[in-house]
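Subject: Structure handover

Hello,

Here is the structure for your files.

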Amino acid sequence: LTSAGTSQLKRQAEVLAEREKLLADAEKEKMRANLLRAVSHDLRTPLTGIIGASSSYLENEDRLTEEEKRELVCHIGEDANWLLNMVENLLSVTRIQGGEANVNKSLESVEEVVSEAVIRLKKRLPDAKIHVQVPDELILIPMDAILIEQVLINLLENAILHSKSSQPISCHVEVEGESIVFHVRDYGIGIPPERIRTIFDGTPYTGNPSPDSSKGMGIGLSICKTIVAAHKGTICAHSCPQGTDFAFSLPQTTESGGSHP
């Protein structure tokens with residue numbers, strides 16, 4: 001009886017393990033499909049803009065004023081920078097080993113990671129107004145610093161470009177139990193509830209008439225979700241009375257259970 005019971009428990013454990021593997025594979029496949037859809041959508045928009053602006057310049061060069069020429073070249077430059085940003089995002093994903101939910105982590109200072117992300121973003125958007133607040137004590141947690149910086153850059157850039165915030169963007173960090181939570185909060189027009197539910201899926205949103213909606217929150221936020229999930233963390237967005245709060249949490253402990261100061 002004992003042997004039969006042990007065999008049955010072993011079979012049940014094998015079935016559960018296989019089911020969990022299938023679910024994990026399905027989730028990875030869904031994430032891969034969403035990223036591909038987001039990439040194809042977000043690449044098409046700036047490429048179309050570059051082709052259109054360059055064609056207008058070449059076909060109407062003699063009739064364009066210097067101001068109009070400069071405007072077309074500025075549009076080309078903006079779209080080219082947008083493409084460069086997307087390439088940086090895609091390179092970030094390649095750091096997640098072999099498509100597995102696993103990254104090379106080391107103890108990193110939360111304050112330094114936030115500071116570096118803001119510095120990198122300000123090089124691209126020098127006029128951006130960002131208010132940063134981190135805990136006074138030194139907090140070290142296991143992470144891939146480059147990937148987490150990319151998450152913060154994506155969230156901050158989305159807030160600056162799309163929210164039409166009436167106040168500086170807020171970036172603050174707080175300790176919640178065994179997790180460190182990073183918040184990026186804007187005070188802008190907000191996001192429709194139906195968009196909030198799918199905002200990290202990489203699905204292009206067609207319900208927003210804003211001209212900025214074409215440059216999007218698709219690939220950037222989808223990659224944020226991929227990176228945070230690879231760190232065993234969670235990410236979400238909440239509507240506020242004014243604007244939106246994006247938050248992601250990272251565990252303070254290693255996978256083996258060891259804690260860090």
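This is a predicted model: local features need pLDDT of at least 70, side-chain atom pairs count only at pLDDT 80 or more; totals for chains, interfaces and linings use all residues.

Residues are numbered from 1 along each chain as its sequence is written, and side-chain values use heavy atoms, with hydrogens and water left out.

Salt bridges

A search of the whole structure finds three salt bridges (a side-chain nitrogen of Lys or Arg within 4 Å of a carboxyl oxygen of Asp or Glu). Helices here are DSSP runs of H or I with at least four residues, strands are E runs of at least two, and both are numbered from the N terminus. Buried means under 20% relative accessible area, exposed over 50%, and partly exposed in between, with a 1.4 Å probe and protein chains only.

- Glutamate 149 and arginine 120 meet at 3.1 Å, N to O. Glutamate 149 lies in helix H4 and arginine 120 in helix H3 (residues 110–124), so this bridge ties together parts 29 residues apart in sequence. Glutamate 149 is buried at 9%, while arginine 120 is partly exposed at 24%.
- Arginine 124 and glutamate 157 meet at 3.3 Å, N to O. Arginine 124 is partly exposed at 28% and glutamate 157 is buried at 6%.
- Lysine 69 and glutamate 66 meet at 3.7 Å, N to O. Both lie in helix H2 (residues 66–94), three residues apart, about one turn of the helix. Lysine 69 is buried at 14% relative accessibility, whereas glutamate 66 is exposed at 60%.

Helix H4

Helix H4 covers residues 145–162; its 18 residues should span 26 Å at 1.5 Å a residue, and its end C-alpha atoms are 26 Å apart, which agrees. The expected span is 1.5 Å times one less than the number of residues. Of the 18 residues in H4, 15 are buried. At its start, a side-chain oxygen of aspartate 144 comes to within 3.2 Å of the backbone nitrogen of isoleucine 146. Just after H4, lysine 164 has a positive phi of about 55 degrees.

Aromatic pairs

There are two aromatic pairs in the structure (rings of Phe, Tyr and Trp, the last by its six-membered ring, with centres within 6.5 Å; planes under 30 degrees apart are stacked, over 60 edge-to-face, the rest tilted). Phenylalanine 182 and phenylalanine 248 are stacked, at 4.7 Å centre to centre and 5 degrees between the planes. They link strand S5 (residues 179–185) to strand S7 (residues 244–251), 66 residues apart, and both are buried. Phenylalanine 200 and phenylalanine 246 have centres 6.1 Å apart and planes at 85 degrees, so this pair is edge-to-face.

Polar contact

Histidine 183 lies in strand S5 and is buried, at 10%. Its side chain and that of aspartate 245 are joined by a polar contact of 3.0 Å (N or O atoms within 3.5 Å; within protein, one must be able to donate a hydrogen and the other to accept it, and residues adjacent in sequence count only if both atoms are side-chain atoms).

Regards
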